[in-house]
Amino acid sequence: MYLEFLKGIIFFKDLPEHIIHALSTKVKTASFKKGEYIFHESDEAKAIFFVKSGLVKIKKINSQGKELIVCLKRAGDIFAEASLFCEPNTLYPGTAQTISDTEVLYLLTSDLEEVIAMNPELSVEMIRFMGAQLRSFTSVLRDIALLDVYGKTVKTIERLAREFGSKTAKGVKIEIPLSVSELANIIGSTRESVSRVLSKLREQDLVSMDEKNIIINNWCDFCQMFVETAEY
């Protein structure tokens, strides 16, 4: 039933069809309304998830309730892959909450681990994927730690545009509606600071807003400004 969808997942796409078929028989599905939680970081990690439709944010929350959005996941993306091959009673590394109505597929880690153990090709693809994820997270952490709020905002907008942007007549539009608070939670700063940076970028005619969607008016100018900011 989910064979074709799984074939489109990055670390399944090059696997023999019999392996993907074996996985498809173990897939389960769940639907969530906007704002609902798929799991909390206090829950025991028991599954790996695939976004079939909608949008999910993975976040960390500190004891004061401050939220940091670690990443965004859209249709075809994977999350909670760090749940694989963990010790018993291991918790999810973050909290998953929907940004829009969302449908997910999921595999119990025990089921996926069983298939991986019998198919070395899949374990190699998983290691490659998780290595790429680690490099991406390392870059994000570097930006959060080393750049000022202006640089972090520019870098985050550039990264979101590369991941979720589309070319329009007005420029490169980030096809995810984000409030200033949500953008600030991705950047790791305050709403007020990010709002000031966005105002400055609009004054420079580098970005504009289409409701909650950010548009980079001139990609080349923006990237050049980003290079200068990154070197700052």
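Q: What makes β11 and β12 a pair?
A: Strand β11 (residues 207–210) and strand β12 (residues 213–216) run antiparallel and share 4 bridges. Strands here are DSSP runs of E with at least two residues, helices are runs of H or I with at least four, and both are numbered from the N terminus. Asp 210 has Asn 213 as its bridge partner in β12. The hairpin has 2 residues between its strands, and Glu 211 takes a positive phi near 60°.

Q: What ground rules apply to the numbers?
A: This is a predicted model, where local features need pLDDT of at least 70 and side-chain atom pairs count only at pLDDT 80 or more, while totals for chains, interfaces and linings use all residues. Residues are numbered from 1 along each chain as its sequence is written, and side-chain values use heavy atoms, with hydrogens and water left out.

Q: Why are β2 and β5 called edge strands?
A: They belong to an open antiparallel sheet of 4 strands, ordered β2-β7-β4-β5. Each of β2 and β5 (67–74) has a single partner strand, so one side of each lacks a neighbour in the sheet. From one strand to the next, the twist averages 30°. Inside this sheet, β4 (residues 55–61) and β7 (residues 95–98) pair over 4 bridges, with Lys 57 opposite Gln 97.

Q: Why is α5 called roughly perpendicular to α7?
A: The axes of α5 (residues 149–164) and α7 (residues 191–203) come within 10 Å and cross at roughly 70°. Axes are lines fitted to C-alpha atoms, for helices over the stretch in contact, with angles from 0 to 180 degrees between N-to-C directions. Under 35 degrees is roughly parallel, over 145 roughly antiparallel, 65 to 115 roughly perpendicular and the rest oblique, so α5 is roughly perpendicular to α7. The contact includes Tyr 150 and Ile 157 of α5 and Val 197 and Leu 201 of α7.

Q: Why is the pair of Phe 39 and Phe 49 called tilted?
A: Rings of Phe, Tyr and Trp (its six-membered ring) pair if their centres lie within 6.5 Å; planes under 30 degrees apart count as stacked, over 60 as edge-to-face and the rest as tilted. The centres of Phe 39 and Phe 49 are 5.3 Å apart and the planes are at 40°, so the pair is tilted. Phe 39 sits in β2 (residues 37–39) and Phe 49 in β3, 10 residues apart. By this rule the count comes to 8 aromatic pairs.

Notes:
Contact = heavy atoms within 4.5 Å. Pairing = 2+ DSSP bridges.
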